[in-house]
Amino acid sequence: MSNTFTYVPYQETGYFSQLATDYVSGHPDIAPFFRYKPDYQGLAQAIYARSNFPVNRELLVSVLKRQYTGFSEQAQVTDNITALASNNTFTVCTAHQPNLLTGYLYFVYKIIHAIRLAEELSKLHPDKNFVPIYYMGSEDADIEELGTFRFRGDKYIWDGDGQKGAVGRMDTKGLKAMLGELFKYFGPPGKNCDDLQQLITTAYLQHKTIGQATRYLVHELFGRFGLVIVDPDDAELKRTFIPVMREELLAGSSVDIVSRQIEKLARKYKIQAHPRAINLFYLADGIRERIEKSGDKWIVVNSDIQWTEVSLINELEQHPERFSPNVVLRGLFQETILPDVAFIGGGAEVAYWMQLKTLFDHHNVFYPAIFLRQSVMWIPPALSELYKKLGFSIAEIFKPETELQKDYLSKNTTVSWKTDEETKAVEELLNGIKKKAIALDATLEGAAGAATARVLHQFSILEDKMLRAEKRKNQVHMDRIARLRQSLFPQNGLQERVENFLEYY
């Protein structure tokens with residue numbers, strides 16, 4: 001089946017924040033909050049600078065080999081893990097939580113973007129290697145978000161069967177019934193359908209945890225392209241981050257550094273994440289709770305766990321895997337263990353990375369080139385024909401339904417329902433009367449203004465009625481516009497933020 005592609009600038013869609021659109025368009029207001037431009041020149045600069053920020057490559061390779069034990073060998077993955085031992089190998093990273101069955105389409109798009117950018121960089125810099133990385137946010141505890149996905153309009157929810165703590169550590173045994181219900185709606189029958197059902201069954205019913213299941217699923221889908229998956233919930237990897245975590249626990253330096261950056265950013269942009277006094281969780285089986293300081297003690301919220309300074313540092317040194325960075329420190333940890341040159345994230349991720357550059361400077365950690373992930377909309381043949389018959393361009397279909405209806409009527413009706421010209425003429429006439437009234441008696445200004453407002457309001461009401469009349473006369477086309485919008489923008493949002501990859505596969 002042939003496909004065509006149309007590119008629409010983010011700014012023209014109306015679905016991205018001011019910060020995101022300013023960032024990709026290179027607006028000077030956002031320039032102070034990042035280091036490398038998201039283009040080939042910025043990437044070249046990042047690659048050159050990355051060499052000044054070494055990571056423990058031997059440890060990284062060792063951990064990855066251990067984490068891949070038991071998984072099917074993909075030649076490109078094996079080669080990429082081996083290549084990471086070399087100083088001329090760099091990574092292109094994207095990160096996401098282990099959403100059940102990947103959650104939303106953009107989970108897949110982020111990974112594909114990382115793969116494609118790594119391929120492109122390998123062509124541009126043939127003397128170096130570039131490895132695409134999926135950094136799995138397995139320590140996230142938001143089961144309400146991570147346990148939800150949609151398939152063909154139906155919403156599936158898994159509540160973890162009462163399990164608490166990091167979703168990546170949750171047992172998968174309670175998923176059998178949900179998957180059985182899901183498979184009833186798979187189809188049409190064929191190899192793709194059978195392969196997908198077997199893939200999901202193996203992932204979630206033959207692996208003990210959500211983290212392991214997600215790793216298997218993503219590996220089977222994308223391993224052939226060389227994607228390497230890193231699970232940061234690892235004692236050896238966390239040990240490299242002890243200096244930062246120690247400072248955070250004892251000095252809490254992040255809150256002041258990030259807050260100063262937020263104060264500057266907030267003059268124009270919405271703030272995505274706010275720092276806490278301590279930006280670490282305590283992580284154990286069945287628990288991921290904030291750490292707070294109370295007097296001379298450190299406590300774990302909603303538990304009876306507490307430490308003195310000596311016992312806290314002893315716990316950190318012996319069990320670094322029990323300390324989990326929140327959103328403020330997660331990027332620091334990522335860049336401490338990976339030789340990244342680029343990070344690919346959604347609009348919210350780009351926004352909070354803009355808050356963190358000075359924190360990276362403080363800890364002397366490399367701050368990579370930040371890329372807003374590619375967004376994709378699939379338009380099936382029937383809807384493609386529909387928007388063309390209605391006379392819309394690809395860019396125009398991003399408009400709200402009411403605007404599309406008005407646009408259609410403006411182009412396809414013989415008598416215009418608009419009263420712009422007439423209203424302007426009446427307004428000029430009324431303003432002339434108003435001036436006469438004021439000239440006679442200045443106290444009449446209020447009454448004249450009120451009279452003008454009432455007349456113009458009546459014109460507005462009449463125009464609305466004329467519009468509704470035109471819509472009734474063109475009801476078939478109005479319904480088609482509604483169907484087009486509802487199909488391409490489920491829940492009035494972007495397709496990629498609602499739908500799952502399953503039905504497309």
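I began with Cys93, whose bridge partner in strand S11 I found to be Phe343; strands here are DSSP runs of E with at least two residues, helices are runs of H or I with at least four, and both are numbered from the N terminus. The model is predicted, so that local features need pLDDT of at least 70 and side-chain atom pairs count only at pLDDT 80 or more, while totals for chains, interfaces and linings use all residues. Residues are numbered from 1 along each chain as its sequence is written, and side-chain values use heavy atoms, with hydrogens and water left out.

I then followed strand S11 (residues 340-345) to its partners, where two strands pair if DSSP finds at least two bridges between them. Strand S1 (residues 89-96) runs parallel to S11 and is joined to it by 4 bridges, and 4 bridges also join S11 to strand S12 (residues 369-372), again in parallel. In S12, Phe371 stands opposite Ile344.

I looked up the cover of S11 and noted that 6 of its 6 residues are buried, which means under 20% relative accessible area, with exposed over 50% and partly exposed in between (1.4 Å probe, protein chains only).

Leaving aside neighbours within four places in sequence, Phe34 is in contact (heavy atoms within 4.5 Å) with Tyr23, Met354, Lys357 and Tyr367. From Phe34 to Lys436 I noted 402 residues in sequence and 59 Å in space, C-alpha to C-alpha.
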